[in-house]
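Good morning, colleagues. I would ask you to look at the model on the screen while I take you through it.

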Amino acid sequence: MPSAQWPLRNRRPTIEVMIPHGKRLRRRRLLADTGAGSNDSNFELVLSEADCQRFTDILLGQVQLGRAYSGWFNVYLIEVRIPRLDFAAAVPVVGVPQVPDGFDGIACFKFLNRFQYGNFGDADRFGLGS
Amino acid sequence: MEKNGSIRAINERLARKIRREGKDPKSPYANRFVGIANGKVVVIADSLTELLRQLRKIEPDGSKCYGVDVAADYSRVEEV
């Protein structure tokens, strides 16, 4: 089973995704948060609004968030890749003014749930499998 | 900029109409992903990846485009 694993960041589970930007790929480190959103959410990742506008200008709508974020936020269509898993897909991403300290955004439950996820026997790492 | 702003408003209005029509299971939009460019429907796709690929091919300026996930329910509050 192909898998990709990353060390914990600030002792919190982390994944890394690559996002096409022109001819290059930009790395984004995301907090892996299974408590963010649901399997039925209208978005899969959270990035800063500035990042969203850097990577795309295709809107999918606006979503109303509660709990850590409050109010209406844009949802963008952004291509995301995880090369080690041979994964590439366009996913809905919500843009917010601030992301968690030390991270570029949040990988929400709906995105993580595309894969097998967990520490795969290593308590200092978090990973995705396909 | 202002021109693209008005295109965005036209695209959003059409997106709302498509979401309403898409609630009818007989609609060609039902449970699909619809791409709008310059105020017109230009793509009906089965996935967001296909929608993005087609939209980029048809209209490289994304600010003139809009994507509609017809099944999405934007009326509820999502907790993050």
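Let me begin with a definition: a residue counts as buried if 20 or more other C-beta atoms lie within 10 Å of its own. Please also bear in mind that this is a predicted model.

With that cut-off in hand, consider A:L31. This residue has 23 C-beta neighbours inside 10 Å, and therefore it counts as buried. A:L31 belongs to strand β3 of chain A, which covers residues 24-32. Which residues does A:L31 touch, once those up to four places away in sequence are set aside? They are A:R12, A:T14, A:P100, A:F103, A:I106 and A:A107. As for A:N10, it lies 21 residues from A:L31 along the chain, and the two C-alpha atoms are 9.9 Å apart.

I turn now to chain A as a whole. Its secondary structure consists of 2 helices and 10 strands. Read from the N terminus, the order of elements is β-β-β-β-α-β-β-β-β-α-β-β. The radius of gyration of chain A is 14 Å, close to the 14 Å that the globule rule gives for 130 residues, so the chain is as compact as a globular protein of that length. Along the principal axes, its C-alpha atoms occupy a box of roughly 40 × 35 × 25 Å. Of the 130 residues in chain A, 44% count as buried. Taking contacts in chain A between residues at least 6 apart in sequence, 61% join residues at least 24 apart.

Next, the strand pairing around β4 of chain A, residues 45-48. With β8(A), residues 105-107, strand β4(A) pairs in the antiparallel sense over 3 bridges. There, A:L47 has A:G105 as its bridge partner.

Finally, the contact between the chains. How many residues does each chain bring to it? Chain A contributes 27 residues and chain B contributes 17. On the chain B side, α2 (48-58), β3 (65-69) and β4 (77-79) each supply at least two residues. Of the elements of chain B, α2(B) gives the most, with 5 residues.

Terms used. Residues are numbered from 1 along each chain as its sequence is written. Chains are lettered from A and ligands numbered from 1 in the order in which they are written. This is a predicted model: local features need pLDDT of at least 70, side-chain atom pairs count only at pLDDT 80 or more; totals for chains, interfaces and linings use all residues. Helices (H or I, at least four residues) and strands (E, at least two) are DSSP runs, numbered from the N terminus. A residue is buried if 20 or more other C-beta atoms lie within 10 Å of its own, exposed if 12 or fewer, and partly exposed in between; C-beta atoms are placed from the backbone. Two residues are in contact if their C-beta atoms, placed from the backbone, lie within 7 Å. Two strands pair if DSSP finds at least two bridges between them. The radius of gyration is taken over C-alpha atoms; the globule rule is 2.2 Å times the number of residues to the power 0.38.
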